[in-house]
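Good morning, and thank you for coming.

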Amino acid sequence: TGVQTCALPIYVTFYGLRPGAAPGEWRFDVVRNLCSGIGALFGGAGLGASITALEHHTGRPTVWATAQFLEFATPPAEVVIDVDEVVRGHQVSQARAVGRVDGREIFTVNAALGERDVPYAGEWAERPTHLPHWSECRDRDIPEHMRGTISDRIDMRLADAKEWDDFDGTPGSGRAALWVRLPELLEVSAAALAIVGDYVPFGISQALGHRAGGNSLDNTLRVTSRTPSEWILADIRIHAVGHGFGHGLVHLWSEHGVLLGSASQSAIVREIRDEPRVVTGGRLQRPAPKEDRA
């Protein structure tokens, strides 16, 4: 049996989530400030909203959650999330959330939630030591077509990355890094980490040295700590690009070097031009030539 209370925390209101009429049902509107530059729901927002619904329903924190993205959701639309706590153990819940628009399944999220009190702990991932502090980094330039999207709700500073205009086709090292801050979600939560972890497509362009991002096929978040940190370091590691797909991992670090979690993704790799493709009728399309536009 799920847990739903009247006091909705800030990460619920960030996504515009509201309880539905049925037990385990949650709803939110797809609006531009939850969308990516192509005009569709940002994958990390879909995962983050689902994690929020899962945590609120079960009353337990996220251990891991994985999303598979099936279709685009574009404004104006309402996403209905149905949460099913499949197994509730003494300490761990295994649960599922399915997001639908007009009855069509848009994404599916599977998750494990809970906490266990054991005397063992450790951290073996290695944080890059050469990166500058966020206060020494410049803000990332946001392209015009991304104005008003979720990028306007995120502060980003380049720690080890190039701007779009600096790409000359020279491949990078496969590593890139961003300092990220969500002014509306300063509390470190799985709902916030889901947004910051959705930057493998950014790393793909950095690795290739071309304007070639992509849209996510999946996103898996693993949470290791909720140590407070105003800025989060997204340490992006691209493993490979091939056959039109890219694969990578993001380590999420606090300002003081604590590993908050990791996120892994596979993405469809697409060339990004000055006038990027946009979602029309649920499909990704190139804009019409200028002479064909009214």
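Strand β5 (residues 92-101) pairs with strand β6 (residues 104-114) in the antiparallel sense, over 10 bridges. Strands here are DSSP runs of E of at least two residues, helices are runs of H or I of at least four, and both are numbered from the N terminus; two strands pair if DSSP finds at least two bridges between them. This is a predicted model, in which local features need pLDDT of at least 70, side-chain atom pairs count only at pLDDT 80 or more, and totals for chains, interfaces and linings use all residues. Residues are numbered from 1 along each chain as its sequence is written, and side-chain values use heavy atoms, with hydrogens and water left out.

Valine 101 stands opposite arginine 104 in β6. The hairpin of β5 and β6 has two residues between the strands, and aspartate 102 there takes a positive phi near 50°. On its other pairing, β5 is joined antiparallel to strand β4 (residues 77-88) by eight bridges. Aspartate 84 has arginine 96 in β5 as its bridge partner, and three residues separate β4 from β5 in their hairpin.

I turn to the helices. Is helix α2 enclosed or open to the outside? Of its 16 residues, 16 are buried, so α2 is largely enclosed by the rest of the structure; buried means under 20% relative accessible area, with a 1.4 Å probe and protein chains only. Just after α2, glycine 59 takes a positive phi of about 75°.

Serine 205 lies in helix α4 (residues 200-208) and is buried, with a relative accessible area of 2%. Its side chain reaches the backbone oxygen of phenylalanine 202 at 2.7 Å.

A cavity is a set of points on a 1 Å grid over the protein atoms alone where a 1.4 Å probe fits but cannot get out, and its lining residues have an atom within 4 Å of a point. Grid points are joined across faces, edges and corners, and a volume is the space filled by probe spheres set on the points. The whole structure holds two cavities of 30 Å³ or more. The largest cavity has a volume of about 50 Å³, and its lining includes Val180, Arg181 and Ile232.

Methods. Buried < 20%, exposed > 50% of the residue type's maximum accessible area, 1.4 Å probe, protein only. Polar contact = N/O pair within 3.5 Å; in protein donor to acceptor, adjacent residues only side chain to side chain. 1 Å grid on protein atoms, 1.4 Å probe; cavity = no way out; pocket = protein on both sides within 12 Å on 5 of 7 lines; lining within 4 Å.
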